[in-house]
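The sequence and structure come before the text.

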Amino acid sequence: MKSYRKELWFEIPARRGFVNITRTVQECVADSGIREGLVLCNAMHITASVFINDDESGLHHDYEVWLEKLAPHAPVEQYRHNVGEDNADAHMKRQIMGREVVVAITDGLLDLGTWEQIFYGEFDGRRRKRVLVKIIGE
């Protein structure tokens, strides 16, 4: 069995944002030479996420609204974590959206559903963060 590892780095200029990383992950699969296996993508920061869903702007807007209702940023003093920080909501948003995804690789391609795409979700941006891509297989 072969393995491959790469870190993808992001610096989202806003507090929150979603980045479609499907093409970049597929490039990693191609670079790995692995034709059959699994790819793990996980956010290496506790205020960011990797998730799979549709790449549709209305859905992304709905996520923003829904997440803000579930874990509003303000008032920041509502959270015990926010002592010298203001990102407790980002930790909660990450928990909701998930840490990682695992996708099958079949015949050298990501084996995703018709509308499925892989996203990096940022909930406390304005600094560099990374996603680990780990691929195993043959």
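A residue counts as buried under 20% relative accessible area, as exposed over 50%, and as partly exposed in between. The model described here is predicted.

## A nonpolar surface patch

Leucine 38 lies in strand β3. Its relative accessible area is 41%, so leucine 38 is partly exposed. Together with Met1, Val102 and Ile136, Leu38 makes a nonpolar surface patch of about 400 Å².

## The open sheet

Five strands form an open sheet, in the order β1-β8-β3-β5-β6, with antiparallel pairing. Strands β1 and β6 (109-110) are the edges, each pairing on one side only. The pairing of β5 with β6 is antiparallel and rests on 2 bridges.

Residues up to four places away in sequence aside, isoleucine 105 touches Val29, Ile34, Arg35, Glu36, Gly37, Leu38, Val39 and Ile135. Between the C-alpha atoms of isoleucine 105 and threonine 24, which are 81 residues apart along the chain, the separation is 14 Å.

In soluble globular proteins, nonpolar side chains tend to be buried together. In this model the largest nonpolar core has 23 residues, and those with the most contacts inside it are Val39, Cys41, Ile118 and Ile135. At least two core residues come from each of β1 (2-10), α1 (22-32), β3 (37-43), β4 (48-53), β5 (100-106), β7 (117-122) and β8 (129-137). Another core, of 8 residues, lies apart from it and includes Tyr63, Leu67, Met97 and Phe123.

Cysteine 41 is in contact with Val25, Val50, Arg99, Glu100, Val101, Val131, Leu132 and Val133. Isoleucine 135 lies in strand β8 and, with a relative accessibility of 0%, counts as buried. The contacts of isoleucine 135 are Lys2, Ser3, Tyr4, Cys28, Val29, Ser32, Ile34, Leu38, Val39 and Ile105. Glycine 37 is 98 residues away from isoleucine 135 along the chain, yet their C-alpha atoms are separated by 7.3 Å.

## Helix α3

Which residues of α3 are buried? They are Ala88, Asp89, Ala90, Lys93, Arg94 and Met97. An α-helix has 3.6 residues a turn, so residues three or four places apart point the same way. The elements that cover the buried residues of α3 include β3, β4 and α2. Just after α3 comes glycine 98, with a positive phi of about 100°.

## Salt bridges

Side chains of opposite charge can pair when their charged atoms come close. The whole structure contains 13 salt bridges. A network of them links Arg15, Arg16, Glu64, Glu68, Asp86, Asp89, Lys93, Asp124 and Arg127.

Within this network, aspartate 89 forms a salt bridge with arginine 15, with 3.5 Å between the closest N and O atoms. This pair links distant parts of the chain: aspartate 89 is in helix α3 (residues 88-97), whereas arginine 15 is in the loop between β1 and β2 (17-20), 74 residues apart. Are these two residues buried or exposed? Aspartate 89 has 0% relative accessibility and counts as buried; arginine 15, at 12%, also counts as buried.

Lysine 93 forms a salt bridge with glutamate 68, and their closest N and O atoms are 2.7 Å apart. Here too distant parts of the chain are linked, with lysine 93 in helix α3 and glutamate 68 in helix α2 (residues 57-70), 25 residues apart. Lysine 93 counts as buried, at 0% relative accessibility, whereas glutamate 68, at 23%, counts as partly exposed.

A further salt bridge joins glutamate 7 and arginine 5, whose closest N and O atoms are 3.1 Å apart. Glutamate 7 has a relative accessible area of 25% and is partly exposed. Arginine 5 likewise counts as partly exposed, with 47% relative accessibility.

Key: Residues are numbered from 1 along each chain as its sequence is written. This is a predicted model: local features need pLDDT of at least 70, side-chain atom pairs count only at pLDDT 80 or more; totals for chains, interfaces and linings use all residues. Side-chain values use heavy atoms; hydrogens and water are left out. A nonpolar core is a set of buried Ala, Val, Leu, Ile, Met, Phe, Trp, Tyr and Cys residues joined through side-chain atoms within 4.5 Å. Buried means under 20% relative accessible area, exposed over 50%, partly exposed in between (1.4 Å probe, protein chains only). Helices (H or I, at least four residues) and strands (E, at least two) are DSSP runs, numbered from the N terminus. Contact means heavy atoms within 4.5 Å. Patches are made of residues with over 30% relative accessible area and no salt bridge: like charges are joined within 9 Å, nonpolar side chains (Val, Leu, Ile, Met, Phe, Trp, Tyr) within 5 Å. Accessible areas come from the Shrake-Rupley method with a 1.4 Å probe; for residues, only the protein chains shown count as cover. A salt bridge is a side-chain nitrogen of Lys or Arg within 4 Å of a carboxyl oxygen of Asp or Glu. Two strands pair if DSSP finds at least two bridges between them.
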